Amino acid sequence: MAVSQLKADSSPSAHPLANPGYGKRSAPEQLPRRESDFAHLPRREASIAAYIDRLPDGSDISVKMLAKVLPDYGQCAVRTSLRRLSEAGHLRLGRQTVTDEATGSRRWVTRTFFSRTARDDAWWAAFQGLGGSSGTTTAPPPGSRADRSPSSVPARTRSSPPSAVPSPRCPSRLTTASPLSPSPPTG
């Protein structure tokens, strides 16, 4: 779906903003807009990427909000599209610590960066390693949920079957032929 085919009710000017300090953040050093910016993506991902690209910084680009303002796609479709945009190098989530000036408390927030120019993982790592457009990206505190990578989470172990299977109350009457076993051929 081309940018011009988006519905009038899903115009970027009417899109809600996220809470201050959150929402979409544009990555630096992007090429100017062109019709073919998202031509390498499937139609749904290209449509959602074109919509996000036209949004101003600070817009709420959560799955729920995008599904609400883009009625052609549900939450599952939007979530899948955002994941594919991330894999294609257009979208990146990064965790940062933020210090509240009033209270001095620190907390972890997730920043969402968008680039109409596809970037590789090395570029995103270098960009986020410098802290992005504001704040500092650091490692999450040890033991926090953010610190868990798939390799640090213990794998589930399959429990062993019970050692003794309780016997049925009545003996099985299916000793000669089971309804699940094939019947003997008739002559």
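Are F38 and F114 buried or exposed? Both are buried in this predicted model.

**View 1. The F38 and F114 ring pair.** The model holds 5 aromatic pairs. In one of them, the ring centres of F38 and F114 lie 6.3 Å apart. Their planes meet at 45°, so the pair is tilted.

**View 2. The W123 and W124 ring pair.** Here the ring centres of W123 and W124 are 5.1 Å apart. The planes stand at 85°, so this pair is edge-to-face. An angle over 60 degrees places a pair in that class. W123 is partly exposed, at 21% relative accessible area. W124 is buried, at 0% relative accessible area.

**View 3. The aromatic cluster around W123 and W124.** Four residues form one aromatic cluster: F113, W123, W124 and F127. Within it, W123 and W124 make the edge-to-face pair.

**View 4. Arginine over aromatic rings.** Two arginines are shown with their rings. R119 lies over the face of W123, at 4.0 Å from the ring centre. W123 is also a member of the aromatic cluster. The charged end of R111 sits over the ring of Y22. For R111, the distance to the centre of the Y22 ring is 5.8 Å.

How values were computed. Residues are numbered from 1 along each chain as its sequence is written. This is a predicted model: local features need pLDDT of at least 70, side-chain atom pairs count only at pLDDT 80 or more; totals for chains, interfaces and linings use all residues. Side-chain values use heavy atoms; hydrogens and water are left out. Rings of Phe, Tyr and Trp (its six-membered ring) pair if their centres lie within 6.5 Å; planes under 30 degrees apart count as stacked, over 60 as edge-to-face and the rest as tilted. Buried means under 20% relative accessible area, exposed over 50%, partly exposed in between (1.4 Å probe, protein chains only). A charge sits over a ring if NZ of Lys or CZ of Arg is within 6 Å of the ring centre and within 35 degrees of the ring normal.
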